[in-house]
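Please consult the sequence and the coordinates shown here while reading.

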Amino acid sequence: MKIVCIKTSIDIPNRRIMNSDLHEYLIIGTLFQVYGIRFDKGVTYYHLFNGQHLFEAPIELFDIVDDRVSNDWKVKVWSNEEVSLWPDLFYNEGFLEGFSERNIKERQMFEDLRMVIEV
């Protein structure tokens, strides 16, 4: 799935949305590959990679350019009623934390995943 940034912040009163203001990180018109989707309390987030970090951004900041999702994504319903649609790799214990900490092993695993997803 590919998306394009159409705005860099949103304000929806009475709804708590994580990363609702990304004007310092996003540029309108930038294309992104989507690496996962998370649904949490009525808010949907895309998992994106900016060349250095995996981060979540609310879907309202983007338009879909290519709606084909990866066959490697798996659905999980969490105990807090959150639902994620991610590659298996993201469900591995410690993977997201290790990736955030720039551990070589997790970074290489992600690069291997990118080669599959971005085809």
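Which residue's side chain meets that of Arg114 in a salt bridge? In this predicted model, the partner of Arg114 is Glu111, with an N to O distance of 3.1 Å. Both belong to helix 3 (residues 104-117), where they are three residues apart and hence separated by about one helical turn. Arg114 is partly exposed, at a relative accessible area of 21%, and Glu111 is likewise partly exposed, at 30%. Elsewhere, salt bridges with shared partners join Arg38, Asp40, Lys41, Glu56 and Glu82 into one network.

Seven salt bridges are present in the structure, among them the pair formed by Arg38 and Glu82, whose closest N and O atoms are 3.3 Å apart. Because Arg38 lies in strand 2 (residues 31-40) while Glu82 sits in the loop between strand 6 (73-77) and strand 7 (83-87), this pair ties together parts that are 44 residues apart in sequence. Arg38 is buried, with a relative accessible area of 8%, and Glu82 is also buried, at 12%.

A further salt bridge links the side chains of Asp66 and Arg68, at 2.6 Å from N to O. Here Asp66 counts as buried, with 17% relative accessibility, whereas Arg68 is exposed, with a relative accessible area of 61%.

| Salt bridge | N to O distance |
|---|---|
| Arg38 and Glu82 | 3.3 Å |
| Asp66 and Arg68 | 2.6 Å |
| Arg114 and Glu111 | 3.1 Å |

Technical notes. Residues are numbered from 1 along each chain as its sequence is written. This is a predicted model: local features need pLDDT of at least 70, side-chain atom pairs count only at pLDDT 80 or more; totals for chains, interfaces and linings use all residues. Side-chain values use heavy atoms; hydrogens and water are left out. A salt bridge is a side-chain nitrogen of Lys or Arg within 4 Å of a carboxyl oxygen of Asp or Glu. Helices (H or I, at least four residues) and strands (E, at least two) are DSSP runs, numbered from the N terminus. Buried means under 20% relative accessible area, exposed over 50%, partly exposed in between (1.4 Å probe, protein chains only).
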